Amino acid sequence: MMDEAPASRPFASLSEYQQALDGVIEQARHHLYLFDYDLHEGGWGSPQRYENLKRFVLASPHNQLRIVLHSVDHVRRNCPRLLNFQRQYSYAVAIHETDPEARSIYDPMLIADGRHYVHRFHYEQPRGEQVLHDPDRTQRLALRFEEIWHAS
């Protein structure tokens with residue numbers, strides 16, 4: 001199988017952001033790493049997103065979904081599907097909250113397999129970029145995610 005050519009697509013609305021997230025989740029085969037302020041935007045509590053994440057987790061016992069949030073309050077109050085998902089698949093799904101030293105990071109990201117990502121430039125704005133099939137560009141964000149993960 002030949003690798004696909006890298007592709008980049010900007011987005012400027014929340015609906016385009018949600019489509020970009022779904023596109024990257026569909027590409028994931030092993031790891032999904034998500035950083036967000038609180039998962040308030042992006043459709044994280046929707047039944048469709050739940051089914052996509054469930055399909056990813058069940059595809060292999062080694063698949064891993066790691067989520068880091070600045071605040072877990074929204075998830076606790078408004079995302080029972082996601083909380084049940086985390087409890088049911090705790091071997092594969094972890095949700096962490098950032099430590100105070102990481103609270104100055106404001107750019108949500110979703111990274112799949114170190115090859116694909118969605119990156120919003122600031123959580124208060126819908127603008128961002130979806131990149132597929134580009135491990136070189138994804139590596140920078142993957143390293144940032146690891147730093148955030150360790151500060152959670």
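Starting at the N terminus, the elements of the protein chain follow the order β-α-β-α-β-α-α-β-β-β-β-α. That makes five helices and seven strands for the protein chain. Please keep in mind as you look around that this is a predicted model. Here is a short tour, from the overall shape to the cores and then to one tyrosine.

**Overall shape and surface**

- The radius of gyration of the protein chain is 14 Å, which agrees with the value near 15 Å that a compact globule of 152 residues would have.
- Taken along the principal axes, a box of roughly 40 × 35 × 30 Å holds the C-alpha atoms of the protein chain.
- Of the 152 residues in the protein chain, 47% are buried.
- The protein chain exposes about 8,000 Å², and 49% of this area is supplied by carbon and sulfur atoms.

- Among contacts in the protein chain with a separation of 6 or more, 72% are between residues 24 or more positions apart.

**The nonpolar cores**

- The largest nonpolar core has 31 residues, and those touching the most other members are Leu32, Leu39, Trp44, Leu65, Phe85, Leu110 and Val118.
- Two or more residues of this core come from each of these elements: helix 1 (14-27), strand 2 (31-36), helix 2 (47-58), strand 3 (64-69), helix 4 (80-88) and strand 5 (109-112).
- Helix 1 is the element that gives the most to this core, contributing five residues.
- Beyond its neighbours within four places in sequence, Leu39 is in contact with Leu34, Trp44, Ile67, Leu69, His74, Val75 and Leu82.
- There is also a second, separate core of 15 residues, and its members include Phe35, Tyr117, Val131 and Ala142.

**A closer look at Tyr37**

- You will find Tyr37 in the loop between strand 2 and helix 2.
- Tyr37 counts as partly exposed because its relative accessibility is 30%, and that class covers the range between the 20% limit for buried and the 50% limit for exposed.
- Leaving aside neighbours within four places in sequence, the contacts of Tyr37 are Leu69, His70, Ser71 and Tyr123.
- Tyr37 and Tyr106 are 69 residues apart along the chain, and their C-alpha atoms are separated by 7.1 Å.

Key
Residues are numbered from 1 along each chain as its sequence is written. This is a predicted model: local features need pLDDT of at least 70, side-chain atom pairs count only at pLDDT 80 or more; totals for chains, interfaces and linings use all residues. Side-chain values use heavy atoms; hydrogens and water are left out. Helices (H or I, at least four residues) and strands (E, at least two) are DSSP runs, numbered from the N terminus. The radius of gyration is taken over C-alpha atoms; the globule rule is 2.2 Å times the number of residues to the power 0.38. Buried means under 20% relative accessible area, exposed over 50%, partly exposed in between (1.4 Å probe, protein chains only). Contact means heavy atoms within 4.5 Å. Accessible areas come from the Shrake-Rupley method with a 1.4 Å probe; for residues, only the protein chains shown count as cover. A nonpolar core is a set of buried Ala, Val, Leu, Ile, Met, Phe, Trp, Tyr and Cys residues joined through side-chain atoms within 4.5 Å.
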